[in-house]
Amino acid sequence: MQHKAISLRPFIGAKDFETSRSFYRDLGFEEVVLDPNMSVFKTGQLAFYLQNAYVKDWIDNTMLFLEVDDVARYWNELLALDLPAKYAGVRLTPIRVEQWGRECFLHDPSGILWHFGEFFNKL
C-alpha cells in the first residue's frame, strides 16, 4: 500500500467533559470546539479528539505517548502546573529511565494515562 500519512489523531473519552476540557487547556493544548460534545486539542502539528463519552473499560485502558525533546524540562513544567491540586484524580509519576529512553507519566481527570518521553536513539 502506497500512501503518505498526514496525521494521526486518537479519540479519547472523558468522565466529565468540561473538567477534561479545562485540564487539557491548562496542560497547554489549544482547543478547537467542533460541536457541544467534541473538541480537538492541538499542540504544534499534533492533535487528539476529546469526546463527551465515557466507557470505563475504554478509559481505563487508554494510554497515549507524547515524545518530547527534553523529558526533564517537561517534568519540571508539569510540576509547576500543579495539576493534581487543581483536578481530582490527576496523578504524576516521576521520570523513569528505561533501556530505550526516559519517560514520566500523568493520569488525566478521567484516568487516561499519558506517557511523556524521549528516546535515547530516534526510532
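Tutor: Let's start with the words for the elements: helices (H or I, at least four residues) and strands (E, at least two) are DSSP runs, numbered from the N terminus. Residues are numbered from 1 along each chain as its sequence is written, and side-chain values use heavy atoms, with hydrogens and water left out. The model is predicted, so local features need pLDDT of at least 70 and side-chain atom pairs count only at pLDDT 80 or more, while totals for chains, interfaces and linings use all residues.

Student: Okay, why is Arg91 called partly exposed?

Tutor: Buried means under 20% relative accessible area, exposed over 50%, and partly exposed in between (1.4 Å probe, protein chains only). Arg91 has 48%, so it falls in the middle class. Arg91 belongs to strand S6, residues 91-97.

Student: What does Arg91 touch, leaving out residues up to four places away in sequence?

Tutor: Phe105, Leu106 and His107. Contact means heavy atoms within 4.5 Å. Arg91 and Leu106 are 15 residues apart in sequence, but their C-alpha atoms are 5.6 Å apart in space. Seen from His107, again leaving aside neighbours within four places, the contacts are Gly89, Val90, Arg91, Ile112 and Leu113.

Student: Why does Arg21 count as buried?

Tutor: Same test: Arg21 comes out at 15% relative accessibility, so the under-20% rule applies. Arg21 is in helix H1, residues 17-26. Beyond four places in sequence, Arg21 contacts Glu31, Val33, Ser39, Phe41 and Leu50.

Student: What makes S5 and S8 a pair?

Tutor: S5 and S8 (residues 113-119) have 5 bridges, in the parallel sense, and at least two are needed, so they pair. Glu67 stands opposite Gly117 in S8.

Student: Which elements each supply at least two residues of the lining of the second largest pocket?

Tutor: S5 and H3. The largest share, 4 residues, comes from H3. Among the residues lining this pocket are Leu66, Glu67, Tyr74 and Leu78.

Student: How does that lining divide by class?

Tutor: Into 8 nonpolar, 2 polar and 2 charged. Ala, Val, Leu, Ile, Met, Phe, Trp, Tyr, Cys and Pro count as nonpolar, Asp, Glu, Lys and Arg as charged, and the others, Gly among them, as polar. Glu67 and Glu77 are both in the lining, and Glu is in the charged class, so they count as charged.

Methods
On a 1 Å grid over the protein atoms alone, a cavity is a set of points where a 1.4 Å probe fits but cannot get out, and a pocket is an open set with protein on both sides within 12 Å along at least five of seven lines; lining residues have an atom within 4 Å of a point.
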